[in-house]
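Please look over the sequence and the structure below before reading the notes. The briefing then goes through them by topic.

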Amino acid sequence: MSAEREAVYVCPECGRDFTEPGKCPDHPAEVLMDGTDREVLFYLMRCDDQARNKVYAFWALVCFVAGLALGAAVGYGLYAWSGGRLPGRIYTWLFVGGGILGGFAGTVVARKLFRPRFRKHTRRLEQI
Ligand SMILES: [Zn+2]
């Protein structure tokens with residue numbers, strides 16, 4: 001056995017690693033990338049960043065809309081309960097506040113759900 005660092009070939013689609021170059025059995029359209037090449041690691045890190053941005057944008061938008069709807073529903077309930085005696089700006093604030101809180105909740109959800117595919121490999125860049 002040589003002391004040389006073991007070669008790592010990474011599938012750019014699923015992040016699985018292999019010891020031999022070639023193709024990922026699950027993604028035959030993708031050629032495995034050399035996981036010891038810094039340029040490749042930077043590329044994989046960019047892929048993770050783009051995927052993270054998409055997940056955050058998606059959940060922030062979904063939860064923003066849900067927050068608006070929830071704020072409107074609470075406002076409607078309050079309006080019905082009070083018989084419309086409360087000042088109108090309360091409903092506006094419920095609506096806007098629901099959207100803001102929803103957008104914030106979306107980033108929390110995204111942080112919980114997002115798993116970077118290539119973290120296992122790109123972690124090496126931080127150790128250099
Ligand atoms: Zn794959």
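The points below cover the domains, the sheet, the helices and the core.

This is a predicted model. The chain is assigned two domains, domain 1 (6-36) and domain 2 (49-121).

**Domains**
- Taken over C-alpha atoms, the centres of domain 1 and domain 2 are separated by 39 Å.
- Six residues from domain 1 and four residues from domain 2 make up the contact between them.
- On the side of domain 1 that touches domain 2, three residues are nonpolar, two are polar and one is charged.

**The sheet**
- Three strands form an open sheet in the order β2-β1-β3, and their pairing is antiparallel.
- The edges are held by β2 (17-18) and β3 (33-34); each has a single partner strand, so one side of each has no neighbour in the sheet.
- Two bridges join strand β1 (residues 9-10) to β3 in the antiparallel sense.
- Val10 has Met33 in β3 as its bridge partner.
- As a general point, strands of a sheet pair through backbone hydrogen bonds, either parallel or antiparallel.

**Helix α2**
- Helix α2 (residues 89-113) consists of 25 residues.
- From its first C-alpha to its last, α2 reaches 36 Å, close to the 36 Å expected at 1.5 Å a residue.
- The buried residues in α2 are Leu94, Gly98, Gly99, Gly102, Gly106 and Ala110.
- Helix α1 is included in what covers these buried residues of α2.
- In general, an α-helix has 3.6 residues a turn, so residues three or four places apart point the same way.

**Asp48 in helix α1**
- Asp48 lies in helix α1 (residues 38-82).
- Is Asp48 buried, exposed or partly exposed? Asp48 is partly exposed, because 18 other C-beta atoms lie within 10 Å, and a buried residue needs 20 or more while an exposed one has 12 or fewer.
- Asp48 and Pro116 are 68 residues apart in sequence, yet their C-alpha atoms are 5.5 Å apart in space.
- Leaving aside neighbours within four places in sequence, Asp48 contacts Pro116, Arg117, Phe118, Arg119 and Thr122.

**The nonpolar core**
- Nine residues make up the largest nonpolar core: Tyr9, Val10, Cys11, Cys24, Leu32, Met33, Leu41, Leu44 and Phe118.
- At least two residues of this core come from each of β1 and α1.
- In soluble globular proteins generally, nonpolar side chains tend to be buried together.

Terms used. Residues are numbered from 1 along each chain as its sequence is written. This is a predicted model: local features need pLDDT of at least 70, side-chain atom pairs count only at pLDDT 80 or more; totals for chains, interfaces and linings use all residues. Domain bounds come from an automatic or database domain assignment. Two residues are in contact if their C-beta atoms, placed from the backbone, lie within 7 Å. Ala, Val, Leu, Ile, Met, Phe, Trp, Tyr, Cys and Pro count as nonpolar, Asp, Glu, Lys and Arg as charged, and the others, Gly among them, as polar. Helices (H or I, at least four residues) and strands (E, at least two) are DSSP runs, numbered from the N terminus. Two strands pair if DSSP finds at least two bridges between them. The expected span of a helix is 1.5 Å times one less than its number of residues. A nonpolar core is a set of buried Ala, Val, Leu, Ile, Met, Phe, Trp, Tyr and Cys residues joined through C-beta atoms within 7 Å.
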